Amino acid sequence: MKSFDIQYFAVRTLEGIQQRRQEIRSVLEGDDENINLDELEQELRELEEAATAIERRQRLMQEATSINDGTSAESRTIQTFNTSTTEERDLGTDSMEYRNAFMNYVLRSEEIPAELRAVTKTGDVGSVIPQTVLNRIIEKIEAVGMILPLVTRTSIKGGVTVPTSAVKPVATWVAEGEGSEKQKKTTGSITFNYHKLRCAVAVSLEVDTMALSVFETTLVNNVVEAMTKAIEQAIINGDGIGKPKGILAETPLSGQALDVSKIEYKTLTDAEAALPLEYESNAVWCMTKKTFMNFASMVDTTGQPIARVTYGISGKPERTLLGRNVILCNYIDSFATATAETPFAFLYNFKDYILNTNYQMGVKKYEDNETDDLVTKSIMIVDGKAVDINSLVVLKKAATV
């Protein structure tokens, strides 16, 4: 039996090929024992190849026709917004397609395809955080960083003592030919110890991958913020055990600890009176915002405010009390919530507080081989003490009678 050539069948129809297959089947079902099975098998293979070639040719012709006509073989939905058309995709920036494109943008700096950026109207920017990721990094804002810039920073070796002196020589008037009494200069010392401050946050490998690595920047900021908050809390009220000793842990000099039962104008004048003249130039108030607003709301007998808030040239409030700057923080109790004998405000020159660090704050990332967690950590060796408390005036809430 004659063998059929593929090119011969390439110009024939699929109906003709199917008819020839039926004929071969009839021959195989007959009683002829002299059939050449090898030729029939070869012919069937050539018929199959010819049918495949015809079907491919027809598909290409159909695609070429759709391109010329401006139509697509795939079913798409086109929506019109403000006379501009954009392709509608499932879930917008929540779609897996966009999230994968965003991951490639963050990790490999690959540009997000134009058709995906068009969905979110971001043709003029490089990327838009997927909504599913954005919802995970909205966090409560904390007020930190107000105290740390005010103190004196040093980097001396731990265990070294810093000399201090509370006595100054006194000059005396003497008659001609007479001498004065020799005076001794007595000194004390303050020793800075080693206190390790550590913050570590672990994120599982699965979560880090699902979040498309957008957590990395957030985690670093969280660690640094946590370290700053811990240091500032210690500067204000640390007990000195395993951490720096705070300003309020010091005992004020005689007459510089005031009991206050009511926020009034006399409270400010009494505090100013208790502050030694020699130390008043650089001392500032430190209190919570609620306590400051209690002072700001004071009025005279006619209802006029006593303490006024001055607004600077930038329009931001410049908080002062009797001309003295006020530093707000959340590391001390407010007057309304403080218990008896608890400080709620104080005057102090923060330059008289020394924060000593011999290992600056740094952020390090590593992988826990046992759990496959990605750990972001920061370690700092830090100690701090008030080297001079002469400018310290503490206001405590008086016990109720």
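Me: Which ring does the charged end of Lys 397 sit over?
Reply: That's the ring of Phe 335, with the charged end 5.0 Å from the ring's centre. Keep in mind that this is a predicted model.

Me: OK, zooming out. How many helices and strands does the protein chain have?
Reply: It has 10 helices and 16 strands.

Me: And what share of the residues is buried?
Reply: Of the 401 residues in the protein chain, 33% are buried.

Me: What about the surface, how much of it belongs to carbon and sulfur atoms?
Reply: They account for 51% of the accessible surface, which comes to about 25700 Å² in total.

Me: Let's go inside. Which residues touch the most other members in the largest nonpolar core?
Reply: That core has 28 residues, and the ones touching the most other members are Ile 147, Ile 235, Ile 247, Phe 346, Tyr 348 and Phe 350. Several elements give two or more residues to this core, including strand S6 (196-203), helix H8 (215-237) and strand S15 (374-386).

Me: Which element gives the most?
Reply: H8 does, with five residues.

Me: Pick Ile 247. What is it in contact with, leaving aside neighbours within four places in sequence?
Reply: Ile 247 is in contact with Ile 235, Ile 236, Phe 346, Tyr 348, Phe 350, Tyr 353 and Leu 392. Apart from this core lies another one, of 24 residues, and Ile 263, Leu 268, Ala 274 and Ala 345 are among them.

Me: I keep seeing Phe and Tyr. How many aromatic pairs are there?
Reply: A search of the whole structure finds four. One of them is Phe 346 with Phe 350: the ring centres are 6.1 Å apart and the planes are at 55°, so this pair is tilted. Tyr 348 and Phe 350 make an edge-to-face pair, at 5.9 Å centre to centre and 85° between the planes.

Me: So which residues do those ring pairs link into a cluster?
Reply: Phe 346, Tyr 348 and Phe 350.

Me: Is Phe 346 buried or exposed?
Reply: Phe 346 is buried, with a relative accessible area of 0%. Phe 350 is buried too, at 3%, and Tyr 348 is also buried.

Me: New topic, sheets. What is the strand order in the open sheet of six strands?
Reply: The order is S7-S16-S13-S8-S12-S11, and the pairing is mixed.

Me: Why is one side of S7 and of S11 left without a neighbour in the sheet?
Reply: Strand S7 (257-260) and strand S11 (320-321) stand at the edges and each has a single partner strand, so one side of each has no neighbour there.

Me: And S8 with S13, parallel or antiparallel?
Reply: S8 and S13 are antiparallel, paired over four bridges.

Me: How many of the residues in S12 are buried?
Reply: Four of its five, so strand S12 (residues 324-328) is mostly covered.

Me: Last one: what happens in the hairpin of S11 and S12?
Reply: There are two residues between the strands, and Leu 322 takes a positive phi near 55°. S11 and S12 are antiparallel, with two bridges, and Thr 320 stands opposite Asn 325 in S12.

Key
Residues numbered from 1 in each chain as written. Predicted model: local features only at pLDDT ≥ 70, side-chain atom pairs only at ≥ 80, totals over all residues. Heavy atoms only, no water. Core = buried A, V, L, I, M, F, W, Y, C linked by side-chain atoms within 4.5 Å. Buried < 20%, exposed > 50% of the residue type's maximum accessible area, 1.4 Å probe, protein only. Contact = heavy atoms within 4.5 Å. Phe/Tyr/Trp six-rings, centres within 6.5 Å; stacked < 30°, edge-to-face > 60°. Lys NZ or Arg CZ within 6 Å of the ring centre and 35° of its normal. Areas by Shrake-Rupley, 256 points an atom, 1.4 Å probe, with all protein chains shown as cover. Pairing = 2+ DSSP bridges.
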